[in-house]
Number of protein chains: 2
Amino acid sequence: MDTIQVALTIQEAAEKTGLTVHTLRYYERIGLLMPIGRAANGHRRYSQQDINLIRTLNRWRQTGMPLADIQHYVKLVQEGDSTAGQRRAMLEAHRQTVVQQMEDLQATLELIDYKIQNYTDIEQKQEMVYA
Amino acid sequence: MDTIQVALTIQEAAEKTGLTVHTLRYYERIGLLMPIGRAANGHRRYSQQDINLIRTLNRWRQTGMPLADIQHYVKLVQEGDSTAGQRRAMLEAHRQTVVQQMEDLQATLELIDYKIQNYTDIEQKQEMVYA
DNA sequence: CCTTGACTTAGAGTCGACTCTAAGATGTAG
DNA sequence: CTACATCTTAGAGTCGACTCTAAGTCAAGG
């Protein structure tokens, strides 16, 4: 099987990942996403692997992992198999924060629903608790 | 029943709400949390109602509601019953973003677990997908 | 040949949300 | 009476994460 090696421009990569071209360059500058391949004229060329990595990083970012940590994670990935244990530890730590966030969101959801119910009650002439 | 009217200092309010005294003053300056009562000497005195409001706001904030929106919400609270509909609409909108966040977290959790499983497999001599 | 548009870099600017500092008032303990 | 803690204000500084600008390169179309 001969897989065609796609090589997206920064514009196309931006579309595929939901980031802006500015952000893609910024990520590269701070040491995330290194190294991105270049065309003969110096333009960036994003491989499918790059896109996959960026999509994964987006998930970490969306769930509150600081760029500094993501940076560390990517560095471990680049250092190869010997860092597998450390990466696994990072994932397990992040798993815990995600679980915690879900619990917080669940609690907030209950509060919101309780308050919405209060507003519904008010429409039936009851008194409202403050805020 | 005679409820004792507690009036906490800013220090005590900070302890009860998990914010710093700096943040409490900052929130007041930007028009959140107004008006906070004052002692004869000009020092802030936080009522139980203030503490309750701050705790509620903390939940909104922890779930990604921008301070500007929280500000708007508090303003509506202060304007009284006539704004109940608008407040309800805000809560319902925020409910949606919270639900969305939970879905994102769930998806990320699955990704994390999948990757952790990969690391477990690696320990049994399998190949790892990139990142 | 020249313009247009997509790219490049280094560096400056913005934004949200704090976080801290400086200078001064006041209340209590020794 | 004085030292110390705790408060007050206005305003400056920080931090994370972008976001934008300026100046320049380069390839393709008219």
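Two residues are in contact if their C-beta atoms, placed from the backbone, lie within 7 Å. The model is predicted: local features need pLDDT of at least 70 and side-chain atom pairs pLDDT 80 or more, while totals for chains, interfaces and linings use all residues. Residues are numbered from 1 along each chain as its sequence is written, with chains lettered from A and ligands numbered from 1 in the order in which they are written.

**Exercise 1.** Describe the side of chain B that touches chain A.

Step 1. Count: 30 residues of chain B are in contact with 30 residues of chain A.
Step 2. Assign elements (helices are DSSP runs of H or I, at least four residues, numbered from the N terminus). α3 (48-62) and α5 (84-122) of chain B each supply at least two residues.
Step 3. Classify: 15 are nonpolar, eight polar and seven charged. Here Ala, Val, Leu, Ile, Met, Phe, Trp, Tyr, Cys and Pro count as nonpolar, Asp, Glu, Lys and Arg as charged, and the others, Gly among them, as polar.

**Exercise 2.** Find the residues around DNA strand C.

Step 1. Apply the criterion: a residue is near a strand if its C-beta atom, placed from the backbone, lies within 6 Å of it. This gives 17 residues, with A:T9, A:Q11, A:R44, B:Y26 and B:L67 the closest.
Step 2. α1 (10-17) of chain A, and α2 (21-29) and α4 (67-79) of chain B, each give two or more residues.
Step 3. α2(B) gives the most, three residues.
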